[in-house]
Amino acid sequence: MNSLRRRLILLLVASIVGVVGLATAAVISVRGGGPPPELTVPWVAQQMELVVRLLPGPIPDVLRVQFSDGPADGKVDRPKTAMLNDLLRRRGFDLLAIVSDRPDAPGQHASVRLPDSRWAIVEIPHIDPPGREWLVLAGWISLIVAGATAVSVYFTSVLIRPLEMLETAVSKIGSDGVLAAVPEVGSAEVKATAHALNQLSSRLRTAMESRMRLVAAAGHDLRTPMTRMRLRAEFLDEERDKWLHDLDELDRIADSAIRLVREEVNQDAVEPLDLEKMVHDISAEMVMLGHAVSIGHLDKVSVRAGALGLRRALRNLIVNAATHGKACSVDLAIAGKRAVLTISDNGPGIPPDLINKAFEPFFRVDPGRQQSVPGAGLGLAIAKEIIERYGGTVTLENRTGGGLAQTVVFDAV
């Protein structure tokens with residue numbers, strides 16, 4: 001019974017059979033042994049009154065009366081006998097009546113002694129449950145079980161179809177770690193599951209491609225300074241400063257790559273943070289380090305994120321704007337239920353055809369990859385990784401009149 005399908009089928013069948021069985025048992029218990037004497041005995045008394053009033057003339061066949069020299073055989077039903085005699089006396093007839101059980105079949109007879117000493121015998125209709133009522137009930141329950149099982153199997157297959165789809169999709173993961181596309185057809189739940197799987201597949205593919213580009217870009221960036229180091233090997237005494245510069249560049253690239261991977265592994269706890277205070281502290285820190293950072297309008301707003309991670313992401317964005325954009329201004333506003341942080345710089349901006357690639361690892365606007373500002377080109381990639389992890393978004397847009405605007409949006413709390 002470890003299968004979810006079997007458990008659901010058993011639960012549905014047990015529920016349907018239990019409800020119908022209880023309802024059937026309740027009907028049988030209410031119905032009991034047939035109608036009460038208060039309904040049948042008055043009918044017999046009325047019929048006997050008609051017989052007495054019609055004598056000595058002919059008795060219609062519709063009354064179904066038999067005449068005999070004695071009462072009908074069988075065990076006397078004393079409560080009904082007393083009730084029938086009492087009803088006859090109330091109707092003005094001083095007659096002896098006997099109600100007895102039929103000895104050969106279910107049912108009863110009512111016998112009344114007439115004034116001419118004959119006995120009029122009337123059969124009391126038998127409305128008791130059949131003798132095989134439990135056998136009939138067993139057949140009834142068997143039909144319900146068969147029908148409930150068929151219905152349960154169908155609806156269980158519908159309910160667990162998203163799980164089967166998930167199992168099938170996971171089993172088809174290729175060697176590249178990417179899920180196969182799932183058709184988004186069927187019921188709303190199945191479509192939602194298929195859509196979620198396809199989104200997961202797309203994100204996995206994007207993440208893996210990003211990591212592959214990171215490795216390729218790191219190899220490319222490391223190859224150039226290492227080639228220069230080999231060319232200067234013969235001039236070590238004269239080229240010492242250049243050697244140190246290249247080694248520093250290698251160190252920055254390796255350190256940035258390690259921090260990017262570390263951001264995905266080591267995640268600090270998510271908690272409400274005072275974004276206005278954090279922005280003010282980071283800006284003040286940047287000013288102390290010599291960056292041209294100014295603070296604009298800051299609204300009081302809190303967001304949910306990790307303190308260390310979010311601080312690192314915002315610091316990277318502000319440093320990027322202050323260094324590449326010469327100077328920057330930071331503004332924080334509340335738009336509806338969202339916190340919108342805007343970092344505007346005075347630099348040349350990014351060409352429109354390259355702005356979508358700015359968050360890729362080791363991105364350089366200059367196609368020659370010449371580096372006028374120290375850095376490994378991973379600041380924006382790390383910032384985007386952190387911000388999206390906490391449910392935020394970061395976008396880049398060239399400002400009218402020059403400069404670049406970095407916009408970070410979070411849900412306010």
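Which residue takes a positive phi in the hairpin of E2 and E3? Gly 107 does, with phi near 120°, and six residues lie between the two strands. This is a predicted model, where local features need pLDDT of at least 70, side-chain atom pairs count only at pLDDT 80 or more, and totals for chains, interfaces and linings use all residues. Residues are numbered from 1 along each chain as its sequence is written, and side-chain values use heavy atoms, with hydrogens and water left out.

**Overall make-up**

- The chain has ten helices and eleven strands. Helices (H or I, at least four residues) and strands (E, at least two) are DSSP runs, numbered from the N terminus.
- Of the 413 residues in the chain, 36% are buried. Buried means under 20% relative accessible area, exposed means over 50%, and partly exposed is in between (1.4 Å probe, protein chains only).
- The chain exposes about 24800 Å², and carbon and sulfur atoms supply 59% of this area. Accessible areas come from the Shrake-Rupley method with a 1.4 Å probe; for residues, only the protein chains shown count as cover.
- Among contacts between residues at least 6 apart in sequence, 65% join residues at least 24 apart. Contact means heavy atoms within 4.5 Å.

**Strands E2, E3 and E4**

- Strand E2 (residues 97-101) pairs with E3 in the antiparallel sense, over five bridges. Two strands pair if DSSP finds at least two bridges between them.
- E3 also pairs with E4 in the antiparallel sense, over six bridges.
- Val 112 in E3 stands opposite Ala 97. In E4, the bridge partner of Val 112 is Ala 120.
- E3 is mostly covered, with five of its six residues buried.
- The hairpin of E3 and E4 has five residues between the strands. Ser 117 sits in the turn, with a positive phi of about 75°.
- Ser 117 is exposed, at a relative accessible area of 52%.

**The five-stranded sheet**

- Five strands form an open sheet of mixed pairing, in the order E6-E8-E9-E11-E10.
- Strand E6 (293-298) and strand E10 (393-398) are the edges, each pairing on one side only.
- On average, neighbouring strands of this sheet are turned by 20° against each other, direction ignored. Axes are lines fitted to C-alpha atoms, for helices over the stretch in contact, and angles run from 0 to 180 degrees between N-to-C directions.
- E6 pairs with strand E8 (residues 328-335) in the parallel sense, over four bridges. Val 293 has Cys 328 in E8 as its bridge partner.
- Helix H10 (residues 379-389) lies across E10 and strand E11 (404-411). H10 runs at about 135° to E10.

**Backbone points to check by eye**

- A cis peptide bond joins Leu 55 and Pro 56, with omega about 5°. Pro 56 is in the loop between helix H2 (37-54) and strand E1 (65-68).
- Lys 326 is a residue other than glycine with a positive phi, near 70°. Lys 326 lies in the loop between helix H9 (307-324) and E8.
- Lys 326 counts as exposed because its relative accessibility is 63%.

**Salt bridges**

- The structure holds twelve salt bridges. A salt bridge is a side-chain nitrogen of Lys or Arg within 4 Å of a carboxyl oxygen of Asp or Glu.
- Arg 102 forms a salt bridge with Asp 104, with the closest N and O atoms 3.9 Å apart. Asp 104 is exposed, at 63% relative accessible area.
- Arg 102 also forms a salt bridge with Glu 123, with the closest N and O atoms 3.0 Å apart. This pair links distant parts of the chain: Arg 102 is in the loop between E2 and E3, and Glu 123 is in strand E4, 21 residues apart.
- Arg 102 is partly exposed at 23% relative accessibility, and Glu 123 is partly exposed at 44%.
- Arg 315 forms a salt bridge with Glu 285, with the closest N and O atoms 3.4 Å apart. Arg 315 is in helix H9 and Glu 285 in helix H8 (residues 275-288), 30 residues apart.

**Nonpolar surface patch**

- Leu 12, Val 151, Tyr 154 and Phe 155 make a nonpolar surface patch of about 370 Å². Patches are made of residues with over 30% relative accessible area and no salt bridge: like charges are joined within 9 Å, nonpolar side chains (Val, Leu, Ile, Met, Phe, Trp, Tyr) within 5 Å.
- Helix H4 (residues 133-159) gives the most to the patch, with three residues.
- Leu 12 is found in helix H1 (residues 4-31).
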